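Thanks for asking me to look this one over.

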Amino acid sequence: MEYLSERREYLGSPSMLRLFTASLLSLFLLAPTGFADEVSVKRSYVDLEWGQMHLRTAYPVTLSDASPVVCFAPNPYSGNYYSLLLKELARDRVVIAPDYPGLGQSDRPEAELDIADHADIMAEVLLRAGWGPKGRGPIDACGYHTGTFIATELALRHPALVRRLVLVGIPFYRGAERAERYEKLGKVRPLPEALAALEQDWIFAVEQRAEGVALERGFENFIESAAAWRNKSRIYGAVFQYPAEQRAPLLIHPTLVLNPHGSLKGPTEDFASLIANAELIELPDLKYGIFDIAPDVIAGQSRAFLDRP
């Protein structure tokens with residue numbers, strides 16, 4: 001069966017927001033990728049029973065025997081969030097950046113999804129794409145913010161599929177702090193009828209972008225956040241209902257935790273302390289926009305850990 005296919009268009013289903021997304025993203029995300037000569041990036045789709053999942057896969061010119069790295073993005077962004085990390089990390093290995101269900105160019109099932117559901121979907125995507133113990137071998141999982149929980153759950157639910165973990169900036173909160181974030185971010189809102197509703201997205205992505213993050217990059221992030229109006233709330237709801245304090249101690253995979261000193265510094269340290277074999281590396285010189293201003297640092301730390309015997 002052919003699982004990687006050209007994009008099928010479901011003419012009866014896209015909403016006006018989906019059409020708006022596709023037209024704008026085509027200006028930025030679907031343009032040819034100008035990576036260095038040694039890295040090429042291909043886009044593909046994996047067919048699932050309920051729709052298609054979109055992947056970006058970066059390949060070096062000369063493949064090594066290194067396990068591929070699968071990078072799970074922070075909500076509400078697509079795999080494009082890691083475009084610069086792909087360039088750095090894929091110099092000597094395959095790197096895959098999927099779009100979550102309902103974000104970027106991936107479809108979404110009708111059912112509500114928790115973190116375990118997202119992990120199971122990603123496992124199915126990877127297995128159908130040819131990875132895993134019965135395919136080309138296990139993967140290494142990397143995640144930032146939202147992606148840290150999906151990577152964690154992927155390793156717990158599908159241990160033979162995952163070799164090692166790299167977790168960066170973990171949104172681990174307990175009790176009232178978690179409930180507060182769920183109430184603020186995790187409730188699906190109706191589509192806005194006024195442009196003013198997108199003001200905070202604009203301020204965060206563009207006006208308050210970290211020093212060194214290009215304006216074009218900030219604009220791309222704004223478009224993705226606006227396009228994810230409903231689905232980002234669903235994913236935030238999953239994040240802030242995830243029983244991380246129960247799941248983290250169950251991890252047995254070698255785990256590297258990278259801790260930039262932004263707002264997630266404390267939560268990241270707390271989560272790392274729950275993992276018996278976690279290695280914590282502090283990154284005091286990095287705070288925000290780290291995958292745009294310091295992808296070489298993230299790639300370097302990750303590569304050193306992933307390449308250990």
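Predicted model: local features only at pLDDT ≥ 70, side-chain atom pairs only at ≥ 80, totals over all residues.

1. Let me begin with the pair α3 and α4. Helix α3 covers residues 115-128 and helix α4 covers residues 146-157; their axes are 8 Å apart and the packing angle is about 70°. That angle makes α3 roughly perpendicular to α4. The crossing of α3 past α4 is right-handed. On the α3 side, the contact is made by Ile115, Ala116, His118, Ala119, Asp120, Met122, Ala123 and Leu126. On the α4 side, Phe149, Ile150, Glu153, Leu154 and Arg157 take part. Sorted by class, the contact of α3 with α4 holds nine nonpolar, one polar and three charged residues.

2. A second pair to display is α6 with α7. Helix α6 (residues 199-207) and helix α7 (residues 215-227) cross at roughly 155°, and their axes come within 8 Å. The two helices are therefore roughly antiparallel to each other. α6 passes α7 in a right-handed crossing. Here α6 contributes Asp201, Trp202, Ala205 and Val206 to the contact, while α7 contributes Leu215, Gly218, Phe219, Asn221, Phe222, Ser225 and Ala226. The contact of α6 with α7 divides into seven nonpolar, three polar and one charged residues.

3. How much space lies in the largest pocket? About 1400 Å³. Its lining has 43 residues, and those nearest the centre of the pocket are Asn75, Tyr77, His145, Phe204 and Tyr236. By class, the lining of the largest pocket comprises 19 nonpolar, 13 polar and 11 charged residues.

4. Which element gives the most to the lining of the largest pocket? That is α6, with five residues. At least two lining residues come from each of α5 (175-185), α6, α7, α8 (231-239) and β8 (255-260). So, if you colour by element, note that α6 and α7 both supply lining residues, and that α6 and α7 are also the roughly antiparallel pair of point 3.

5. Pro76 belongs to the loop between β4 (69-72) and α2 (83-89). Asn75 is also among the residues nearest the centre of the largest pocket.

6. The last point concerns His145. Its phi is positive, about 50°, although His145 is not a glycine. His145 sits in the loop between β6 (139-144) and α4. Like Asn75, His145 is among the residues nearest the centre of the largest pocket.

How values were computed
Residues numbered from 1 in each chain as written. Heavy atoms only, no water. Axes fitted to C-alpha atoms, helices over the stretch in contact; angles between N-to-C directions. Helix = DSSP H or I, 4+ residues; strand = E, 2+ residues; numbered from the N terminus. Parallel < 35°, antiparallel > 145°, perpendicular 65-115°, else oblique. Left-handed = near helix turned anticlockwise from the far one by under 90°. Contact = heavy atoms within 4.5 Å. Nonpolar A, V, L, I, M, F, W, Y, C, P; charged D, E, K, R; others polar. 1 Å grid on protein atoms, 1.4 Å probe; cavity = no way out; pocket = protein on both sides within 12 Å on 5 of 7 lines; lining within 4 Å. Points joined across faces, edges and corners; volume = space filled by probe spheres on them.
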